[in-house]
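Welcome, and please take a moment with the sequence and the model shown here. The report below walks through a few places in turn.

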Amino acid sequence: MAARLRSHGFTMSATASNARSTLHLPQGEWLTVLDCLCAHFPTIDRATWLDRFARGRVLDADGQPLAATHPYRAALKIHYFREVPNELPIPFEAQVLHLDDHLLVADKPHFLPVMPAGGYVNETLLARLSQHVGNPDLVPIHRIDRLTAGLVLFSTNPASRGCYQALFRERRIDKYYEAICPALPELEFPYQARMRMVEGEPFFLMKQGDGAPNSETRIEVLERRGALWRYGLYPVTGRKHQLRLQMATLGAGICNDPFYPELLDRARRDRDDYSRPLKLLARGLAFADPLTGERRRFESRLRLDW
């Protein structure tokens, strides 16, 4: 099907998700798959699981619906669909920039998660794309933060997936970001930011630590506009929140960042302000295609407003 859908630039809105999670049943003494799932996910009650079985939302390894009475077997592979009651819609659309037999490149809007997590299941880039192109095998090859906009590369074909995943693992892909941050007139550019990043508190934050640097980014100035500048960020490494922490540590935290340099209180973090998106954009990706050797480059069509 992918070969017939090479046109670029079509968009999709939020729709019901076909994205599914996979579980190999753990070791235990349960009688049925239902019993195992109830024990494995104690926050989901038995009635909810029974309803999911009745609606065909629990599948075997071949994608066929399982009955709630299906016998338990350790390591049995099942698929299930995560569901969040009253999931709030995210009112922004993604755009598919490229689709072929191996790759899909999407332009993700701010606020939309790439993968299901927490309170997001249907309102994710993966769920929307899987529904839109009808491909349950779609898998993101890398991720960007929910608050970051821009390019995300997906594998459409399990047979070639490993070749493209290796591009990121072996740092054979060039990534380019843009950010709007306070001016740094005291620095000379281009500037090479190097620091050691370690886990912070709370658990979802990173902080600067002691020791040898484990993160690196080249920073350039693209445009100066008074107290705010537009920066080009070229990460050499790809650590969690790398760009956000490095810019904040330099004294130029990315505009509208709720985490760095100061963590907003939980009430403000949990309430998205769509009028104040994080001014960070995954602008470009470039790499030599591992299957053909062809040099490929993709550019986001989004733009950060001042």
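This is a predicted model: local features need pLDDT of at least 70, side-chain atom pairs count only at pLDDT 80 or more; totals for chains, interfaces and linings use all residues.

Residues are numbered from 1 along each chain as its sequence is written, and side-chain values use heavy atoms, with hydrogens and water left out.

**An open sheet**

Let us begin with a sheet of three strands. Strands here are DSSP runs of E with at least two residues, helices are runs of H or I with at least four, and both are numbered from the N terminus. Two strands count as paired if DSSP finds at least two bridges between them. The sheet is open, has the order β2-β4-β3, and its pairing is antiparallel. Because β2 (21-24) and β3 (58-60) stand at the edges with a single partner strand each, one side of each is left without a neighbour in the sheet. On average, neighbouring strands of this sheet are turned by 30° against each other, direction ignored; the axes are lines fitted to C-alpha atoms, and angles run from 0 to 180 degrees between N-to-C directions. β2 and β4 (residues 77-80) run antiparallel and are joined by four bridges, and Ser-21 has Tyr-80 in β4 as its bridge partner.

**A covered strand**

Next comes β6 (residues 103-108), where six of six residues are buried, meaning under 20% relative accessible area with a 1.4 Å probe and protein chains only (exposed is over 50%, partly exposed in between). Leu-103, Val-105 and Asp-107 are buried on one side, and Leu-104, Ala-106 and Lys-108 are buried on the other. A hairpin of three residues leads from β5 to β6. The table lists the pairings of β6.

| Pairing | Sense | Bridges |
|---|---|---|
| β5 (residues 94-99) and β6 | antiparallel | four bridges |
| β6 and β8 (residues 149-155) | antiparallel | six bridges |

Leu-104 takes part in both pairings: Leu-104 is the bridge partner of Leu-99, and Phe-154 in β8 is the bridge partner of Leu-104.

**Two buried residues**

Is Ser-215 buried or exposed? With 2% relative accessibility, Ser-215 counts as buried. This residue belongs to strand β12 (residues 215-225). A polar atom of the Ser-215 side chain lies 2.8 Å from the backbone oxygen of Met-195, and a polar contact of 3.2 Å links the side chains of Ser-215 and Gln-246. A polar contact is a pair of N or O atoms within 3.5 Å; within protein, one must be able to donate a hydrogen and the other to accept it, and residues adjacent in sequence count only if both atoms are side-chain atoms.

Gln-242, in helix α5 (residues 242-249), is also in contact with Ser-215, where contact means heavy atoms within 4.5 Å. Gln-242 counts as buried at 3% relative accessibility, and a polar contact of 2.7 Å joins its side chain to that of Thr-237. Leaving out residues up to four places away in sequence, Gln-242 touches several others, including Met-197, Glu-216 and Pro-235.

**A pocket**

Finally, 21 residues line the second largest pocket, and Arg-20, Met-115, Leu-126, Leu-138 and Val-139 lie nearest its centre. β2, α3 (125-133) and β7 (139-140) each supply at least two residues of this lining. On a 1 Å grid over the protein atoms alone, a pocket is an open set of points where a 1.4 Å probe fits, with protein on both sides within 12 Å along at least five of seven lines, and lining residues have an atom within 4 Å of a point.
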